[in-house]
Amino acid sequence: MVTLVNLRAYRRFFVVAYHFLPLLLSYARDRRRFLLFGGSRQVSSETRVERANTLLESFLTLGPTFIKLGQLLSTRPDILPPEYVDELAQLQDEVPPAEWSRAEQVIEAELGPVEEYFDEFDTEAISGASLGQVYTAELDGRDVAVKVRRPGIEDLVEADLRVIRWSLPLLMRFIGQGRAFSLENLADEFSKTIREEMDYSREATMLEEIRANFEGNEDVAIPEVIDSHSGPRILTMQYIGGTKINDVSELDAMDIDRHELAVTLQEAYLQMLLEDGVFHADPHPGNLSVQSDGTIVFYDFGMSGRVDEFIQRKIIDFYVAVANQDIDGILDALVEMGTLSPEADRATMGKVMELAIEDARGEDIETYRVQQIVSQVEDTIYEFPLRLPSNLALVLRVATVVEGVCVTLDPDFDFISVATDYLTEQGYREESIKQFVGEAGDQVQQSIQSSIRVPPKLERTLDRIDRDDLYVRTDIEDGNNVFDKLAKRLVYGLLMAAGIFSTSYLYATTGVEPAAVMGAFSATIGLLLYRSFRKRRGIRATPQFTRHEMRRRDGE
């Protein structure tokens, strides 16, 4: 079996390379115009859109694994420019279902003959996805939904995962260090996530746990699992119908308050992330529906995750800081979670966060302010210092997609206002104030102790200075390699000066040819010296603020 998977992986590697090689060559030429030499070249937004379209078509052609990969990439602005994120967001996990005869074999292998285990079974799938397909049936007098893993998908996914792993070192050459960090985490996360999504036993466990957490909440409905008719490749659950959550006209016809619906959805996810620690991680409109009384129904728990206590506390700190509009608190939480480099320029990142908060509140953002921030970012850092650890990737996906659904329901939806009300109701903001008071008290106590300890130490130090017996040892941190650059420039300058002198001397004493050789050497050193003084270019992609971009596009 392993040999067959390897053979399939080798074949798939060449197929994948055929699709992606032209794009990789284009990216290589962006860095060096003539591949081996030449300067970098500017890439217009229109060119990025064309390339993103090519990438989208490649994912669709390569099948289920790469469709899932494209969907995951569409939620990763830390890896791809905005144009790619926009295009890949169009990827829908809707694939024509496999033939019933093949799906029936999976059911029989897991349970037994279909007619013996179900009273009725509709052989026309109601939905088809890249990893599975869903049928409706009747069991003991009630309607059920039967999710069946797509036949033969396991070998294809394993082969594709090997191809992705083999391709990773090559891809690293075309991206910066920060994005390489995120890409490596993405590959690990994707491998783990897609395997978990194919395991329906795990999905049943997560579904039941999340369902228990919302027991008694009349605003949320989660299907019940039928354990006797479920297994690793088949999941039978209660069938709950409803209207798709983004079908705005139908919701209006049902006289449902869309603002309240958005608030309910946002609060449900805040509960999952901040309190329960286990959450539904695929909240796109196909997995959410609404009943006539306004109850939100959740489907498809294949992509679900857990949040450990440390990350939960830091997410709470982040939300409390956002609610209080405490920019320093926001940056501290991001650094502690590992999403922001500790070496980032805090003043610039603070302004970025201010714009993000204004955008989340639905406020108008002047274009000149966005351009000003971009200019400052380019002047202060070479690479945008935001990155995404694997344990936060699903959390970001949830936050991004849920906000999109909420804005679809209510274009004026204020995420921060809802989050602030929720944090206040649950007492998180009061806890943060108590924690602040406690920390302030500790700092006062430490200051008093220091005021007692410092004078004797200061007196001893002054005595040593008076005796010429004081030695100072320093360690210089040079994260940006400033000294290394200065040393290189000094060496280049000395070599170029020596080269010019030698060229003149050879021309005067020996002739043209030796002088020409030495002149070429001097010119090369001069070029290297010139390049060392060139200012590195920073971010080339314009930051994408959701509402700001929506208004701009609506205007166009």
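This is a predicted model: local features need pLDDT of at least 70, side-chain atom pairs count only at pLDDT 80 or more; totals for chains, interfaces and linings use all residues.
Visitor: Where does Asp255 lie?
Guide: Asp255 belongs to the loop between helix 10 (248-253) and helix 11. Its phi is positive, at about 60 degrees, although Asp255 is not a glycine.

Visitor: And what is the phi of Gln325?
Guide: Gln325, also not a glycine, has a positive phi of about 55 degrees. Gln325 sits in the loop between helix 12 (309-323) and helix 13 (327-337). With 47% relative accessibility, Gln325 is partly exposed.

Visitor: Let us step back to the whole chain. How many helices and strands are there?
Guide: The protein chain has 21 helices and 11 strands. It comprises 556 residues, and 43% of them are buried.

Visitor: What share of the contacts is between residues 24 or more positions apart?
Guide: Among contacts with a separation of 6 or more, such residues account for 69%.

Visitor: What does Leu274 touch?
Guide: Leaving aside residues up to four places away in sequence, Leu274 touches Gln312, Ile315, Ile316, Tyr319, Tyr422, Leu423 and Tyr428.

Visitor: Which strands does helix 11 lie across?
Guide: Helix 11 lies across strand 5, strand 9 and strand 10 (296-298), and runs at about 45 degrees to strand 10.

Visitor: What is the strand order of the open sheet of four strands?
Guide: The order is 5-10-9-7, and the pairing is mixed. Strand 5 (220-221) and strand 7 (243-244) are the edge strands; each has a single partner strand, so one side of each is left without a neighbour in the sheet.

Visitor: In which sense do strand 7 and strand 9 pair, parallel or antiparallel?
Guide: Strand 7 pairs with strand 9 (residues 288-290) in the antiparallel sense, over two bridges. Within this pairing, Thr243 has Val290 of strand 9 as its bridge partner.

Visitor: Let us turn to strand 4. Why is it described as largely enclosed?
Guide: Strand 4 spans residues 142-149, and six of its eight residues are buried, so it is largely enclosed by the rest of the structure.

Visitor: How many bridges join strand 3 to strand 4?
Guide: Eight bridges join strand 3 (residues 132-139) to strand 4, and the two run antiparallel. Tyr135 stands opposite Val146 in strand 4.

Visitor: What about the hairpin between strand 3 and strand 4?
Guide: The hairpin has two residues between the strands, and Asp140 takes a positive phi near 55 degrees there.

Visitor: How many bridges does strand 4 share with strand 6?
Guide: Strand 4 and strand 6 (residues 234-238) pair over five bridges in the antiparallel sense. Here, Val144 has Gln238 in strand 6 as its bridge partner.

Methods:
Residues are numbered from 1 along each chain as its sequence is written. Side-chain values use heavy atoms; hydrogens and water are left out. Contact means heavy atoms within 4.5 Å. Buried means under 20% relative accessible area, exposed over 50%, partly exposed in between (1.4 Å probe, protein chains only). Two strands pair if DSSP finds at least two bridges between them. Axes are lines fitted to C-alpha atoms, for helices over the stretch in contact, and angles run from 0 to 180 degrees between N-to-C directions.
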